[in-house]
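This briefing covers the strands, helices and selected residues of the structure shown below. The points are grouped by topic.

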Amino acid sequence: MKTPKDSACTFLSDRALRALVKELPTPFYLYDEAGLRQTVRELHDAFGWNCGYRQYFPVRLCVLPAILRMLADEGCGAYCDNAAELALAKRCGFPGERILCAGFAGDEGSPVVLDGAFDQPPAPPKRVLLRLNPGGKLTYDGQNFASLDRFCLGMPPEEAHMLARQFRLFGTEEIGLLFQALTNELHPGYAPAVAQLLFEAVCAFSDALGFAPDVCCLGDCLAVSDRSGTSGSSLSGSGAEIRRLYEQLLIPKGLGSVRLSTTLGRRQVAPHAVFVSRVRAVRQRQKRLVLLDAACGQLADAGPVACRHHIRVLGKPAVGGCSLCDIAGRTSEPFGYLAMGRSLPEVSAGDILVFQAAGVMPERSLYEPAAQYLLREDGSVVPLDLPDTAALTAL
């Protein structure tokens with residue numbers, strides 16, 4: 001089927017989405033190929049000044065083979081937390097040297113992320129990233145972002161120095177530093193704060209050991225908003241500020257060969273998909289209760305806290321006559337809400353609700369996954385296959 005693109009609230013016009021709903025049973029996800037590819041290219045443009053920059057996509061956030069193949073085709077790497085994700089990444093075309101393995105040994109040549117001396121593989125890896133956590137406060141330009149003592153991931157700098165010295169003696173070819181803390185911080189200063197912490201750690205590393213790390217991984221430092229009317233960090237703006245810090249802190253010390261990488265997740269896929277579900281019934285309670293044909297577990301972030309996605313009623317503008325609603329799914333759980341306390345226009349049975357920025361998939365669900373479709377760049381819509389059931393269970 002063919003659908004026209006639009007620059008409306010989503011990547012499709014309401015008219016095109018209504019036409020799709022007539023042909024496709026709800027609930028379903030719809031991904032935008034053009035948007036997915038464009039974000040990767042913008043990311044590479046933002047960090048193109050750094051020779052060797054690489055983005056590793058966390059496989060757990062979207063296990064659709066077609067999407068993963070698309071990211072591999074655009075030059076991304078894959079970030080895998082277990083052997084099942086590694087097998088999926090390899091099947092989707094990611095070469096071993098572009099697969100980042102967290103806490104386990106992958107293919108020879110795949111970089112391995114270590115959390116401390118206790119986390120070492122049986123044999124010294126050829127490429128390793130040491131996850132750093134210096135403790136204290138993460139600050140930038142007077143803004144305090146987090147107390148690093150609250151995060152369980154990462155090792156102190158002294159332990160990183162000891163491991164780096166050990167790995168260099170045993171012939172490890174590439175040693176890098178990785179920092180991971182907040183996963184969806186919208187403040188534009190967060191990415192520069194992470195970069196500053198890592199660049200200062202690189203300088204201290206070089207002073208202490210006489211050699212510098214080869215790579216700095218900034219983790220998931222660039223966020224995207226799930227709400228309408230707000231945006232995440234600017235890719236070009238963040239790239240320019242990180243470049244300024246790179247040139248200010250590393251270049252004067254002769255460390256301009258340090259390569260950068262990221263493990264962006266939501267920023268890469270969330271904005272380029274919508275989750276579409278039909279209203280089954282509306283019940284009048286203290287707040288209106290909207291019952292959908294989707295299960296709570298079919299939408300990422302749904303559950304006791306309820307999701308943060310912007311929600312709109314297809315064909316009904318949110319101006320005037322709005323009231324607070326709770327939105328629940330097709331589930332036997334007594335607290336199976338998809339969203340709570342949302343301001344929506346008058347909703348009736350048969351209406352279509354559209355959850356925006358829904359490209360991150362549920363990690364696990366007891367329910368059958370919602371159907372997945374891709375809006376191709378030529379305007380056609382094609383179904384997407386999920387990995388086999390055994391692979392999904394392993395994930």
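How many of the 5 residues of strand β13 (residues 288–292) are buried? The model is predicted, and in it 5 of the 5 residues of β13 are buried, so the strand is largely enclosed by the rest of the structure.

**Strand β13 and its partners**
- In a regular strand the side chains alternate between the two faces of the sheet.
- Both faces of β13 are covered: one side carries Arg288, Val290 and Leu292, the other carries Leu289 and Leu291, and all of these are buried.
- Strand β12 (residues 273–283) pairs with β13 in the antiparallel sense over 4 bridges, and a hairpin of 4 residues joins β12 to β13.
- Strand β15 (residues 323–328) runs parallel to β13 and is joined to it by 4 bridges.
- Leu291 takes part in both pairings: it is the bridge partner of Ala281, and its bridge partner in β15 is Ala328.

**The barrel**
- A barrel is closed by 8 strands with parallel pairing, in the order β2-β3-β4-β5-β6-β9-β10-β11.
- On average, neighbouring strands of this sheet are turned by 25 degrees against each other, direction ignored.

**Helices α6 and α7**
- The axes of α6 (residues 190–209) and α7 (residues 235–249) come within 10 Å and cross at roughly 20 degrees.
- Angles under 35 degrees count as roughly parallel, and α6 and α7 are therefore roughly parallel to each other.
- The crossing of α6 and α7 is right-handed.
- On the α6 side the contact is made by Ala191, Pro192, Ala195, Gln196, Phe199, Glu200 and Cys203, which meet Ser238, Glu241, Ile242, Leu245, Tyr246 and Leu249 in α7.
- By class, this contact has 9 nonpolar, 2 polar and 2 charged residues.

- Not counting residues up to four places away in sequence, Thr39 touches Leu235, Arg267, Gln268 and His272.
- Glu159 belongs to helix α5 (residues 157–169) and is partly exposed, with a relative accessible area of 23%.
- Leaving aside neighbours within four places in sequence, Glu159 is in contact with Gly116 and Ala117.
- From Glu159 to Leu132 the C-alpha to C-alpha separation is 9.1 Å, and the two are 27 residues apart in sequence.

**Backbone exceptions in loops**
- Most residues other than glycine have a negative phi, and most peptide bonds are trans.
- The peptide bond from Thr26 to Pro27 is cis, with omega near 0 degrees, and Pro27 lies in the loop between α1 (14–23) and β1 (28–32).
- Asp141 is not a glycine, yet has a positive phi of about 50 degrees; its place is the loop between β7 (137–140) and β8 (143–147).
- At 74% relative accessibility, Asp141 is classed as exposed.
- Ala357 also has a positive phi, near 50 degrees, and sits in the loop between β17 (352–355) and β18 (371–375).
- Ala357 is buried, with a relative accessible area of 10%.

Conventions. Residues numbered from 1 in each chain as written. Predicted model: local features only at pLDDT ≥ 70, side-chain atom pairs only at ≥ 80, totals over all residues. Heavy atoms only, no water. Pairing = 2+ DSSP bridges. Helix = DSSP H or I, 4+ residues; strand = E, 2+ residues; numbered from the N terminus. Axes fitted to C-alpha atoms, helices over the stretch in contact; angles between N-to-C directions. Parallel < 35°, antiparallel > 145°, perpendicular 65-115°, else oblique. Left-handed = near helix turned anticlockwise from the far one by under 90°. Contact = heavy atoms within 4.5 Å. Nonpolar A, V, L, I, M, F, W, Y, C, P; charged D, E, K, R; others polar. Buried < 20%, exposed > 50% of the residue type's maximum accessible area, 1.4 Å probe, protein only.
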